[in-house]
Amino acid sequence: MLAETLQGPHVDWYAATPMLILLGGAMVLLVVAALTPRWPKGLYAWFTVAVALAVIVVSFFLWHTIDVDGAKTLVGGAIAFDHFSIWMTITISAAIALVSLSTDSYLRREDLDGPEVYALYLLSALGGVVMAASNDLIVLFLGLEILSIALYVLAASNRRRSQSQESGIKYFVLGGFSSAFFLYGVALLYGGAGSTNFTTIFNSFNSQVALDRKDGLILAGVALLIVGLGFKTSSAPFHFWAPDVYQGAPTPVTGFMASAGKAAAFAALLRVLVSALPNWSDDYRPVIWVLAVLTLFVGAVMAVIQTDVKRMLAYSSINHAGFMLVGVEAASHLAGQPAPGKGMSAVLLYLLLYTVLVTGTFAVVGLVTRTGDGATDLNAFRGLGRKRPALAVALTVLLLAQAGVPLTAGFVAKFGVIQAAVDVKSYPLAVIAMLTAVIAAFLYLRIMVSVWIADPEPADEVLEPVRTPFSAVVGIAVSVGFTLAIGFAPGWLIDLGNSVSQLAR
Amino acid sequence: MDFPILTALVAVPAVGAIVVMLLSKHRPELVKLVTLLFAVLTAGLTIWILVSFNTGEAGFQFVTIQPWIPAWGISWHLGIDGISLFLVVLTGVLFPLVVVGIDPHHDHKRYFAWMLLLEAGMLGAFVSLDLFLFFVFFEIVLVPMYFLIGGWGYDNRVYAATKFFVFTMFGSAFMLVGTIATAVLAKSNGVGHVTFDLVEIADKANFAASTGRWLFFAFAIAFAIKVPLFPVHTWLPDAHTQAPTGGSVILAAVMLKLGTYGLLRFGVYLFPEAARWSRPLLVTLAVIGILWGAIAATMQKDLKRIVAFSSVAHLGFIVLGVFAITTQSMSGGVLQMINHGVSTGALFILVGMISERRHTREVAHLKGLQKVAPVFAAVFMVVMLSSIGLPGLNGFVGEYLILIGSFLTARWWVVVATTGVILAALYLLWAYQRVFHGEPDEDNKSFAELRWKEGLLLVPFIAAIVFVGVYPKPMLDRINPSVKSLIEHVEERTNYVEPEPIGTVQTEASAEGHG
């Protein structure tokens, strides 16, 4: 009886396969693993990698489908099915695969092996994918919460370290705070535009005459949305949680937060600003500009004065967020126009490349922190070049890439956003961004000095030797290989990324 | 020519670096041999280029062009002309000498791998004809040099290496934005599509004066730091003093030339109007650099710092020559790039030998070396005189051409700059006097004479110093056509008309070149 009166929207199950695979993988890990004895070592991780790879493979088919049939919206306009969402699905899946590999060695070293962490990765990734594909503020909020709640638990997942617990609580409290901001923004935007659907919000600008527009409500809503998403992207001045949480969380989880978490948040930010609100871009662009400059400077300057490597990398990831905001600013110039410009594809390229870079970097850091995950001081890296030259070379490549040295993926990423900024004549922002990259380079050099040049002190010998388990090595090798390969031949990826700015609306 | 010789030129040392990386670190002799093999192979390629270079031709030769990142309009575009020819040859010939003659003492494998990578980067930068490609090479050379200074340098090496890296990268930040802006703006100013191709932009782009000036300065900051021009020269003495001898030689002889070469190729050639307009500023900075470098060199206590500050002065002359924009001054500038590379490279090798024997480079601790090591002193004297610019040696030819060429367009600057020649004699001769003259004290009595192997290493330098000093015509014949065509390029795009040259050296050389 009820089924006749309440008509559900049509669901294109094929287009939703990535989300279903992620959900299914998480369920298998939770349910099946709970009912079976402990799986042989490493199998949880490799299963997660297989799920992630399956998502990537399916995504390529979906990409082709969109090439043929064009972008569209699903589930009654709530979900966007376009190259943008597929690109982000691939990015987030790549992050799970790489992070799982380093998590495997971490969990077994800490004697915490089990399926829970991997299930949380998959669920969190599902949230990220939903965020990136959302075409409705409510769906976006759902995705945000799925992502965040899984991340709160992940941050606290090392039961034996009080720092991990502290990190989880801090993240939870501040994250809840920012979710409230976001939700309030959603409410105000709904009040102003009459809908939570991006397409409807976009069209409301055209359908309402100037007298009837509730610009005050909408602008307040946009401001609150930017605060909420600024928190998730760790943009200054909403970045204060990041160093503390990054430092305390288990190192592979930190890698996951810096890659998948940030990527999903930036995807959502782009969706909201470019897909739903292009007509207000003149209003929010200065805000993004200021956020970008603050984020760039805070990230670079604060990174230099740290002595804890995880905190350094936390601030460096804030600096990278600044670069992405430069791309967002560039995208906002041409938002909603038939020729959308290079900003959006530049940000998405940056997200993909940075995801691989940062997961690789944290994988190396996770090995160097040794049993207990406590040796995060810069001194723990001394002598790595002599004792573990291959690992040191990998770290060097990844750090140089983060610094934006040519022939690495990091340079391609930076070049892309700077080009997008210059294209829309944002010269000051482009120059400021590059100058902060110089300051940030100082930080990467400090780590490399520790690895290669600094002499070991007697106290350093007390630390146990760095072990390099197979799974972690695979993950690091893939990161480094991809970083160099894209550095030398980025053409195909750039060509592929050019179509992401054609959003489904 | 079908064989892509310039691609091979970049690829051979790069492959060499990878091969060296794969060797065992417990066999330093093998590592050195393999490095030498690749370095000599590269040197052979540069000699081949020199021999088959078409002397009278002004344009780019041995051109290779392949799309690299078509989405961004970036291509693998390499070519060589009279301006870059001798820099490439200098680089190619210098590296095997540095590899065979200067031992790093520890971690041979990594040292030589970085050396070969450095060579690949330098050669790549000199032959790139694509803005993006040039930037890539310009930036990538920082990494090996950073590690060479940081890993094999003296006590304060980490500070010096970091300063070097950060200073240069500061310039690169502007240059990257400038590079992208040039390509983007060129699209709407005559080129029609986004391309980073240097030749295409230089030929077709027609920037508004103010745009061109902004873009020019974005590039000029990077190059001014690299040269280094006053007042951004402060990284150089530190880097030179702390670098290992091999690193100092390469840094002085080749790497600094990236700056002056860049000013010619990506300053004057790409933005002629802006280069003309900013001439007073750059020439003034160059002259200040000449005097400042000379005066500062006089005050130094460390031999290496004396040579480092003399580099600041010498490169000031080169920049003066470049921005005076006359055929003589520019040809002199290009020639002087090579001369400075040879003389200062040799000086750093000699100072490195003193430092190895005495474990100090302090002038105050050295005395009377001429008594115990007369041959060493004689070689030092020849190299030093070439650096001072004694007629009959190479330094004189370059400096003379720069000064008479610049006299036409920058008269009063030349008047001031010429005093720099006298100051050069002052600081170098004074240093020589303190180090080599007098009676050796107890510490310096056991100073070893020049060994055969060391002598053989220095022979090519002395030969080049004397040959270029006596007979510079073969070099000028190859440099002049490209410089002339560059000046014609400037004349076409601005209201500049090159004044008639004075003197006879130039007219004879060019008349024969055309006949």
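Helices here are DSSP runs of H or I with at least four residues, strands are runs of E with at least two, and both are numbered from the N terminus. By that count, chain A comes to 20 helices and two strands.

What you're looking at is a predicted model, where local features need pLDDT of at least 70, side-chain atom pairs count only at pLDDT 80 or more, and totals for chains, interfaces and linings use all residues. Residues are numbered from 1 along each chain as its sequence is written, while chains are lettered from A and ligands numbered from 1 in the order in which they are written.

How far can you trust it? The model scores ipTM 0.87 and pTM 0.90. Chain B averages a pLDDT (the predictor's confidence in each residue, from 0 to 100) of 88, with 97% of the residues at 70 or above. Residues 506–515 of chain B stay under 50.

Now for overall shape. The C-alpha trace of chain A spans about 75 × 60 × 40 Å along its principal axes.

Next, where the chains touch. Residues are in contact if their C-beta atoms, placed from the backbone, lie within 7 Å. Chain B puts 25 residues into the contact and chain A puts in 26. On the chain B side, H5 (131–140), H6 and H7 (157–191) each supply at least two residues, and H7(B) gives the most, with 13. That side has 21 nonpolar, three polar and one charged residues. (Ala, Val, Leu, Ile, Met, Phe, Trp, Tyr, Cys and Pro count as nonpolar, Asp, Glu, Lys and Arg as charged, and the others, Gly among them, as polar.)

H6(B) also packs inside its own chain. Residues 142–152 make up H6(B), and they pack against H11(B), residues 245–255, at about 150° with the axes 10 Å apart. (Axes are lines fitted to C-alpha atoms, for helices over the stretch in contact, and angles run from 0 to 180 degrees between N-to-C directions.) So H6(B) is roughly antiparallel to H11(B), a label for angles over 145 degrees, with under 35 counting as roughly parallel, 65 to 115 as roughly perpendicular and the rest as oblique. Among the residues that meet are B:Trp152 in H6(B) and B:Leu251 in H11(B).

Compare H14(B) (279–299) and H20(B) (411–436), which pack at about 20° with axes 9 Å apart. That makes them roughly parallel.

How values were computed:
Two residues are in contact if their C-beta atoms, placed from the backbone, lie within 7 Å.
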